[in-house]
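Have the viewer open, and we will go from a pocket to a pair of helix contacts.

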Amino acid sequence: METDYLTIRTTGTHELEIKKSRFIADLGRISTEEEAKVFIAQIIAREPKATHHCWAYLLGDHDDVQRESDNGEPSGTAGVPILTVLQRNHLHNTIAVVTRYFGGIKLGAGGLIRAYSNATSTGIEATGVVKRVQQQALILTVDYANYDRLSHYLTEQNITVLGTDYATAVTVTIAVDLAAVNATQGAIQNLLSDRLTTQLGDIDYHEVPVEVNASRYVD
C-alpha cells in the first residue's frame with residue numbers, strides 16, 4: 001500500500017429506492033478477511049428478510065485480496081459493480097455490502113449494474129472518505145513569551161496540533177508529513193531564532209478528510 005492511501009471515513013449506511021426496490025449500502029473499514037466475514041454476517045443478521053446481500057471488499061498493501069459476491073443476483077450484476085466502484089474511488093481496506101429488498105419490478109442486467117454501483121457510490125459520498133497520511137510527531141518546547149508566535153504560525157501554516165502541555169514551558173506536539181519534517185523543523189527554528197527545543201516523536205498515520213464525488217461504474 002502507498003505511504004498515503006484513501007479509505008472510508010467510518011462505518012456508514014445509506015439507502016436508495018429504485019423502481020420500488022430498496023438498496024441499502026453499508027460501508028466500513030476492514031483489516032482482515034475475518035473482519036470482512038463478520039461485517040457481512042452482521043448485515044445479514046440485521047436485515048434477515050432482505051432478498052439479496054451483495055458485497056465486495058479490497059484488502060492488503062496492494063489490494064492483494066479482492067472478493068465479491070452477487071448473492072443470487074444474475075452473474076456480474078452486483079458484486080463486480082460494487083467492487084469496481086471501490087476500485088475507481090481508490091479505496092483500500094474497505095468493504096461494501098448492498099442489501100436489496102425486491103420491490104416487484106425487474107430491473108434487467110443493465111439496471112441492476114447501475115443500481116448496485118449507484119447504491120455503493122452514494123453510500124461512499126454519504127459516509128465520507130479520508131486520506132490516511134503517514135506523519136511524524138514533532139515535539140516543540142517553547143517558553144510562554146514565544147508561545148503565541150508559535151501558535152499563530154502553526155495555525156497560519158495549517159499544521160495539525162496533536163496536543164499541548166502547559167507546565168514551566170509549553171510543549172506542543174505537531175504532526176508533519178514525513179517529507180516535510182526537516183523543512184518544518186528548520187522554519188520553526190528560524191521563526192523563533194532557536195528559542196525552543198525540538199524532538200522527533202513517533203511515526204503514525206493521521207487522517208485528513210477528502211472531498212468526495214464518488215466515481216460510479218456503469219455498463
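A pocket here is an open set of grid points, on a 1 Å grid over the protein atoms alone, with protein on both sides within 12 Å along at least five of seven lines. A volume is the space filled by probe spheres set on the points. Please keep in mind that this is a predicted model. With that in hand, the largest pocket comes out at about 190 Å³.

**The largest pocket**
- Its lining consists of Gln135, Asn158, Ile159, Thr160, Ala175, Val176, Asp177, Thr184, His206, Glu207 and Val208.
- Two or more lining residues come from each of β9 (170-177) and β10 (196-210).
- Sorted by class, the lining holds five polar, four nonpolar and two charged residues.

**Helices α4 and α5**
- Helix α4 (residues 144-156) and helix α5 (residues 181-191) have axes that come within 11 Å and cross at roughly 140 degrees.
- Because of that angle, α4 counts as oblique to α5.
- Their crossing is right-handed.
- On the α4 side, Arg149, Leu150, Tyr153 and Leu154 meet Ala187, Ile188 and Leu191 of α5.
- This contact has six nonpolar residues, one charged and no polar.

**Helices α2 and α3**
- Helix α2 (residues 79-88) packs on helix α3 (residues 108-127) at about 35 degrees, the axes being 8 Å apart.
- The crossing of α2 and α3 is right-handed.
- Pro81, Ile82, Val85 and Leu86 of α2 make the contact with Ile113, Tyr116, Ser117, Thr120, Ser121 and Ile124 of α3.
- Seven nonpolar and three polar residues form this contact, with no charged ones.

Key: Residues are numbered from 1 along each chain as its sequence is written. This is a predicted model: local features need pLDDT of at least 70, side-chain atom pairs count only at pLDDT 80 or more; totals for chains, interfaces and linings use all residues. Side-chain values use heavy atoms; hydrogens and water are left out. On a 1 Å grid over the protein atoms alone, a cavity is a set of points where a 1.4 Å probe fits but cannot get out, and a pocket is an open set with protein on both sides within 12 Å along at least five of seven lines; lining residues have an atom within 4 Å of a point. Helices (H or I, at least four residues) and strands (E, at least two) are DSSP runs, numbered from the N terminus. Ala, Val, Leu, Ile, Met, Phe, Trp, Tyr, Cys and Pro count as nonpolar, Asp, Glu, Lys and Arg as charged, and the others, Gly among them, as polar. Axes are lines fitted to C-alpha atoms, for helices over the stretch in contact, and angles run from 0 to 180 degrees between N-to-C directions. Angles under 35 degrees count as roughly parallel, over 145 as roughly antiparallel, 65 to 115 as roughly perpendicular and the rest as oblique. A crossing is left-handed if the near helix is turned anticlockwise from the far one by less than a right angle, and right-handed if clockwise. Contact means heavy atoms within 4.5 Å.
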